[in-house]
Amino acid sequence: MTVHHHMREFHDLPVFDFPAADAPVELPDAAAVAWRISSPTYCDPGDEQWGPLFERFLKTVDTGRVRALVVGGWDEAYENSSADIVTALIGAADRLTALEAVFLGDMLSEDCEISWIVQSDVTPLLAAYPGLREFGVRGGTGLVFPSVRHENLETLVVETGGLGAEVVRGIAGSDLPALANLELWLGTDEYGGDSTPEDLGPLLSGSAFPALRSLGLCNSVIQDAVAAAVASAPVVARIERLDLSMGVLTDEGAAALLDGQPLTHLAHLDLSHHYLSDAVRERVLAALVPHGVTVVLDDAEEPDEYNGEVYRYVAVAE
């Protein structure tokens with residue numbers, strides 16, 4: 001989880017911040033880093049905003065060798081959507097001919113809270129860059145992702161405090177034959193996360209994404225229901241890594257996982273940030289670790305209680 005610091009690595013490359021015009025910084029080889037293009041989200045007069053910064057980047061760097069881009073902040077990202085960013089990136093497709101990876105919205109809470117980031121329809125980026133292998137986006141407000149086809153995308157990550165059902169259905173219904181890694185932060189209904197396990201139908205049935213080997217359904221307020229759906233999902237039989245972290249997983253959800261189909265073929269199971277009892281944690285470990293499964297059970301949480309009501313929280317919401 002990278003929401004507590006700016007990305008340090010992306011697409012197996014170190015992230016390098018494209019510097020201010022007057023900064024005495026030697027630029028690295030264009031292909032050796034993931035270039036982070038970021039402007040202040042609260043711009044002062046005289047600040048270089050994202051559009052001019054990107055144009056200067058295109059004029060300065062050998063764009064035909066750039067492999068990865070990280071879009072950080074843009075002016076008033078809590079009000080202005082990413083649509084202009086998407087348009088600018090599409091407009092540079094004839095220059096960024098080697099681009100393999102894009103992350104859109106690498107902002108911390110002091111830049112813009114994750115659920116305040118205003119996104120847009122990001123799928124035209126996939127059409128503009130048919131060679132893209134990795135795509136990530138942070139922020140669910142205004143995010144649009146209709147079902148698409150892309151031949152080469154291998155990794156898709158969507159980080160939100162609340163992911164809308166329509167977006168979930170669009171992703172699950174997409175035709176992505178090379179997709180090996182999928183990570184969705186489903187979030188909470190307080191911030192637009194209104195999806196249900198039924199919205200994940202094509203994904204869980206195994207009819208989508210034939211190359212999928214790593215699945216993350218994370219940060220969910222309905223993590224028990226997600227776990228129960230995963231327990232009988234045909235797709236699980238062919239994945240190697242399963243991530244149900246960051247949500248409000250309780251003993252009920254963990255028991256559903258253990259009572260469902262065998263998980264002993266997994267290489268890695270991440271249940272961190274959970275609400276499991278000691279007894280169920282021990283049961284999970286005893287069932288899987290002897291079979292060589294790496295089980296992550298960090299960040300055990302305790303529910304809050306107020307006026308007789310019990311409250312559990314996802315790891316990332318606002």
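This is a predicted model: local features need pLDDT of at least 70, side-chain atom pairs count only at pLDDT 80 or more; totals for chains, interfaces and linings use all residues.

Visitor: How do strand 5 and strand 6 pair, and over how many bridges?
Guide: Strand 5 (residues 101–104) and strand 6 run parallel, with four bridges between them. Strands pair here if DSSP finds at least two bridges between them. Strands (E, at least two residues) and helices (H or I, at least four) are DSSP runs, numbered from the N terminus.

Visitor: Which residue is the bridge partner of A101 in strand 6?
Guide: E134.

Visitor: Is strand 1 parallel or antiparallel to strand 2?
Guide: Antiparallel, with two bridges joining strand 1 to strand 2 (residues 13–17). F10 has L13 in strand 2 as its bridge partner.

Visitor: And strand 2 with strand 3, parallel or antiparallel?
Guide: Parallel, over three bridges, with strand 3 at residues 34–37. F16 has W35 in strand 3 as its bridge partner.

Visitor: What is the phi of H11?
Guide: Positive, about 60 degrees, although H11 is not a glycine. Most residues other than glycine have a negative phi. H11 sits in the hairpin of strand 1 and strand 2, which has two residues between the strands.

Visitor: Is H11 buried or exposed?
Guide: H11 counts as buried, at 10% relative accessibility. Buried means under 20% relative accessible area, exposed over 50%, and partly exposed in between (1.4 Å probe, protein chains only).

Visitor: What about F209: what is its phi?
Guide: F209 has a positive phi of about 55 degrees and is not a glycine either. F209 lies in the loop between helix 5 (201–205) and strand 9 (214–220). At 1% relative accessibility, F209 counts as buried.

Visitor: Switching to H150. Where is it?
Guide: In the loop between strand 6 (134–138) and strand 7 (155–159). H150 is buried, with a relative accessible area of 4%.

Visitor: Which backbone oxygens lie by polar atoms of the H150 side chain?
Guide: The one of Y129 lies 2.9 Å from a polar side-chain atom of H150. For L126 the distance is 3.4 Å. A polar contact is a pair of N or O atoms within 3.5 Å; within protein, one must be able to donate a hydrogen and the other to accept it, and residues adjacent in sequence count only if both atoms are side-chain atoms.

Visitor: What else is H150 in contact with?
Guide: Leaving aside neighbours within four places in sequence, the contacts of H150 include P130, L132, D175, L176 and P177. Contact means heavy atoms within 4.5 Å.

Visitor: And S115, where is that?
Guide: In the loop between strand 5 and helix 3. S115 is buried, at 9% relative accessible area. The S115 side chain reaches the backbone oxygen of A317 at 2.5 Å.

Visitor: Now helices. Which residues of helix 2 are buried?
Guide: I85, V86 and L89, in a helix that spans residues 83–91. Seen down the axis, they fall within an arc of 100 degrees, so they line one face of helix 2. The arc is that of the directions from the helix axis to the C-beta atoms. D84 and T87, on the other side, are exposed.

Visitor: What do the buried ones pack against?
Guide: Helix 1 (50–60), strand 4 (68–71), strand 5 and helix 3 (123–128).

Visitor: Last one: at what angle do helix 6 and helix 7 pack?
Guide: About 5 degrees, with the axes 8 Å apart; helix 6 is residues 223–231 and helix 7 is residues 251–259. That makes helix 6 roughly parallel to helix 7. Roughly parallel means under 35 degrees, roughly antiparallel over 145, roughly perpendicular 65 to 115, and the rest oblique. Axes are lines fitted to C-alpha atoms, for helices over the stretch in contact, and angles run from 0 to 180 degrees between N-to-C directions.

Note on methods
Residues are numbered from 1 along each chain as its sequence is written. Side-chain values use heavy atoms; hydrogens and water are left out.
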